[in-house]
Amino acid sequence: MNVPNEHMLYLAAALFAIGVLGFVVRRNVIVVLMSIELMLNAANLTFLAGARAHGGPDVSGPVFALFVIVIAAVEAAVGLALVIALFRLKRTVESDALVEMKG
Amino acid sequence: MAEFLFYALALVALCGAAGVVLAKSPMFSVLSLLASFFALSVIYLLMSFPFMAAVQIVVYAGAILVLFLFVIMLLDLGHMGSKVEFSTAMFRSPAARIGAVVALALALAGLIAVQRGALQQAAGAAAETGPRDGLPQLAEALFGRYGLAFQATGMLLLVTMVAVVALAKRDRRKGPGSQGAQGGER
């Protein structure tokens, strides 16, 4: 495949931007977590594009992408447990409900 | 031909990502994310990272998204912002339009790819260069050079498991404003 690496980085940047957008504008905590997953995926794509551009026998890129996937799984598990705790407390998953810290 | 496949899949991945942000119901968000992950997986395959493509499907689509689905079902959020009964109004939302674009792009990409034998070409090209994430090299790096990080990841997973059980455990001392459910102390 002769797609230039820049185009993969453009795709990763666009995915990351969409993830940031969802993280900022959505109020549903579950969708916010999914936006974080999108951003981590964009990071993965960047790592693999870097490994492809670098070439050679070095597999650091895929190894780091694997670590990112593990971190994403951990983050999703903790985040969703927090969502469940939030739901128990407030009976909602909207982040607008968390106003205790408001001065 | 593989290039065309890449750009079609990039479009699918972007539309799926947009669907995650735009969908009203979290259930549709999960399905859009699934489409995005599948497209990214095939992109990894085209970049000749077959192992990462498999991990993307197995771990992301198979484990993480199922976790999201579990929570959505557990908290009964799937019906939020969506009509259960079928009506043409369902097709007028922006999320539905993006979904239609995704479906159309997928169908077109599949049709053209099959017609021109792109998959065989792509597979041949991957076989020529060989996988960039060969399992022997990957295992050597993971257990040799990055062994410490690997073990730290194992510890992280253990700690996470304990933390998740403590967080999600139902608090016995019920009462409004009880902090026990968050701290996890008994």
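## Polar and charged links between the chains

Six residue pairs, both residues at pLDDT 80 or more, are in polar contact between chain A and chain B; a polar contact is a pair of N or O atoms within 3.5 Å, where within protein one must be able to donate a hydrogen and the other to accept it, and residues adjacent in sequence count only if both atoms are side-chain atoms. This is a predicted model, in which local features need pLDDT of at least 70 and side-chain atom pairs count only at pLDDT 80 or more, while totals for chains, interfaces and linings use all residues. Residues are numbered from 1 along each chain as its sequence is written, chains are lettered from A in the order in which they are written, and side-chain values use heavy atoms, without hydrogens and water.

One salt bridge (a side-chain nitrogen of Lys or Arg within 4 Å of a carboxyl oxygen of Asp or Glu) is counted between chain A and chain B. A:Asp58 and B:Arg145 form a salt bridge through their side chains, at 3.6 Å from N to O.

## Extent of the interface

In contact (heavy atoms within 4.5 Å) are 58 residues of chain A and 64 residues of chain B.

## A pair of helices

The axes of H2(A) and H3(B), residues 50-74 of chain B, come within 12 Å and cross at roughly 175°; axes are lines fitted to C-alpha atoms, for helices over the stretch in contact, with angles from 0 to 180 degrees between N-to-C directions. H2(A) is therefore roughly antiparallel to H3(B), a term for angles over 145 degrees. Helices are DSSP runs (H or I, at least four residues), numbered from the N terminus.

Among the residues making this contact are A:Met34 and A:Leu48 of H2(A) and B:Tyr60 and B:Phe68 of H3(B).

How values were computed
Helix = DSSP H or I, 4+ residues; strand = E, 2+ residues; numbered from the N terminus. Parallel < 35°, antiparallel > 145°, perpendicular 65-115°, else oblique.
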